[in-house]
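Visitor: I have a few questions about the inside of this protein. Could you show it to me?

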Amino acid sequence: MFKNLKDIEKPAGKKFLNGDVFFCKVGKSWIRSKHFFKNNKKNGAIICLDFDGVVVDLSECKSHFLKENGFMIEPEESSRQKCLARGVPLKQYREISALVATKHLMELSVEKGAIEGTCYLNKSNDIYIVTSRNEKEAEAIISFMDFHEIIIDGILSVNDRSKLNSLAAISPHIFIDDSLNKLMDLLDKELKCIIELLSECRLFLYENITNKDESLCNLPIEKIKNWEEIKELVDDVIN
């Protein structure tokens, strides 16, 4: 599926020093790179999205396999943080999450309006998926994109590390994630401001069944409830 970027001309891009990987489609082929580069020129906003929990809903499927392994975890309790708090060992949680994210990806519910919303936004804006998945798990996202004929500008895999370096390379105007912990990782030590590297970026927590009880208090993070709101947000930014 992939053509290694070393086999073609090296792009003028920003090298990821911490092992993050960039995937993008050039023509009909997907390319994997340690560099970030822009493949299209658009005049709209630059939008970065998480995939799991924002585009697809893993909660039901993850709950099913957790229960098969003896953990009575309901869908709304299936986030990493809640599972670990309920005594699910990290190794087992990762194995179940990887299984759901790869072999069962095509069985997952798609967030209402996500496919249409992504296609609509990509016409005028740069759209990137920034995922905590590792490379192999990210390849499943590529299969999902191709199957649903979704065109985006790239996928960045951070392999469970902070998303800061990938986001800093892209310099987005908007970043949407369903993990409050991942978003808080992009704030300063006092949790009052967004890290300077992302000073032009607004952070949003995508509300789903696993995080509805999360409180943002005075954090510089906003909630967004669905894909209609995402479309309205981006239209407001570019207008």
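Guide: Buried means under 20% relative accessible area, exposed over 50%, and partly exposed in between (1.4 Å probe, protein chains only). This is a predicted model, where local features need pLDDT of at least 70, side-chain atom pairs count only at pLDDT 80 or more, and totals for chains, interfaces and linings use all residues. Residues are numbered from 1 along each chain as its sequence is written, and side-chain values use heavy atoms, with hydrogens and water left out.

Visitor: Is N211 buried or exposed?

Guide: N211 sits in the loop between β12 (202–206) and β13 (221–224), with strands (E, at least two residues) and helices (H or I, at least four) taken as DSSP runs numbered from the N terminus. Its relative accessible area is 2%, so N211 is buried.

Visitor: Which residue's backbone oxygen lies 2.8 Å from a polar atom of the N211 side chain?

Guide: Counting contact as heavy atoms within 4.5 Å, and leaving aside neighbours within four places in sequence, N211 touches D178, L205, Y206 and K223. The backbone oxygen at 2.8 Å from the side chain's polar atom belongs to Y206.

Visitor: How many residues apart in sequence are the parts that D52 and R133 tie together?

Guide: Their side chains meet in a salt bridge (2.7 Å, N to O), meaning a side-chain nitrogen of Lys or Arg within 4 Å of a carboxyl oxygen of Asp or Glu. D52 lies in the loop between β6 (46–49) and β7 (56–57) and R133 in the loop between β9 (126–131) and α5, so the parts they tie together are separated in sequence by 81 residues.

Definitions and conventions
Polar contact = N/O pair within 3.5 Å; in protein donor to acceptor, adjacent residues only side chain to side chain.
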